[in-house]
Amino acid sequence: HPLLAPAHALMLLALGLYLGRVDEPRKAVAIWALGIGLVLGGLLTLPLADPDTDRGLLPLALVCAVLVAAGRTGPAALVATLCALAGMLVGLGSGDPGFAPWQRFLTIGGSVVGALLITGQLAFWGELLGRHPRLAHGTAIGQRILGGWLVAISLLMLVLGWVGPLGRTGG
């Protein structure tokens, strides 16, 4: 499940917050791009097994978080590309090569559904609260604060992944 892998959870949270700030026509295309990316990534697990997708997910989460913190959305092509890449990497990282084929299919299917539900719900509620006259300003501030926290978490995870585990001794 995407919530069991920290990089997957961070990516879906950042993407959901990001899509909550995107207007409806671009959001519809983005959700389709996410779904297609998830399915393609899931299919690619068959020949590629389970590659290290964290190296791709964390920079993407950082980009989404920076856009949320800055209060920007970007052009439609950027929105769709971020969603497609995130979906492909989450799908690709969801298949465990140790599972039997049927179990692997169910695992990937569950990850696809879970990722779409998580991202879709965050986007829906972010947009809904952002349109409410009394809540719009506070929602925008809250989203930007969460975006700032996600920037910090993404950077921390990227640096820790780059330098290696804590407590490793040199020599």
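**Ground rules**

I am working on a predicted model, where local features need pLDDT of at least 70 and side-chain atom pairs count only at pLDDT 80 or more, while totals for chains, interfaces and linings use all residues. I number residues from 1 along each chain as its sequence is written, and my side-chain values use heavy atoms, with hydrogens and water left out.

**Overall fold**

I went through the secondary structure and found six helices and zero strands. Read along the sequence, that gives α-α-α-α-α-α. The radius of gyration is 16 Å, close to the 16 Å that the globule rule gives for 171 residues, so the protein is as compact as a globular protein of that length. For the record, helices (H or I, at least four residues) and strands (E, at least two) are DSSP runs, numbered from the N terminus. The radius is taken over C-alpha atoms, and the globule rule is 2.2 Å times the number of residues to the power 0.38.

I also took the box along the principal axes: the C-alpha atoms fill roughly 50 × 45 × 25 Å. Of the 171 residues, 38% are buried. Then I checked the contacts, meaning heavy atoms within 4.5 Å. Among those with a separation of 6 or more, 84% join residues 24 or more positions apart.

**The largest pocket**

Which helix gives the most to the lining of the largest pocket? I found that α5 does, with six residues. Both α2 (24–48) and α5 (101–131) supply at least two residues each. I listed the lining as V39, G42, L43, L46, P101, R104, F105, I108, G109 and V112. By class I noted seven nonpolar, two polar and one charged residues. The classes put Ala, Val, Leu, Ile, Met, Phe, Trp, Tyr, Cys and Pro in nonpolar, Asp, Glu, Lys and Arg in charged, and the others, Gly among them, in polar.

The volume is about 200 Å³. A pocket here is an open set of points on a 1 Å grid over the protein atoms alone, where a 1.4 Å probe fits, with protein on both sides within 12 Å along at least five of seven lines; lining residues have an atom within 4 Å of a point. Grid points are joined across faces, edges and corners, and the volume is the space filled by probe spheres set on the points.

**One aromatic pair**

I searched for aromatic pairs and found one. The ring centres of F124 and W125 are 5.1 Å apart and their planes lie at 80 degrees, so the pair is edge-to-face. The rule pairs rings of Phe, Tyr and Trp (its six-membered ring) if their centres lie within 6.5 Å; planes under 30 degrees apart count as stacked, over 60 as edge-to-face and the rest as tilted. Both partners are partly exposed: F124 has a relative accessible area of 40%, and W125 has 44%.

T53 first: where does T53 lie? I placed T53 in the loop between α2 and α3 (54–70). T53 is buried, at 6% relative accessible area. Leaving aside neighbours within four places in sequence, T53 is in contact with H8, L89, L92 and G93.

That sent me to H8, found in helix α1 (residues 6–19) and buried at 4%. The C-alpha atoms of H8 and D54 are separated by 7.7 Å, with the two residues 46 apart along the chain.

Next came G147, in helix α6 (residues 136–163), which is buried with a relative accessible area of 1%. Not counting residues up to four places away in sequence, G147 touches A65, V68 and A69. I also noted A61, 86 residues from G147 in sequence and 10.0 Å away in space, C-alpha to C-alpha.

Back to G114, which I placed in helix α5. G114 and L57 are 57 residues apart in sequence and 17 Å apart in space, C-alpha to C-alpha.

How values were computed. Buried < 20%, exposed > 50% of the residue type's maximum accessible area, 1.4 Å probe, protein only.
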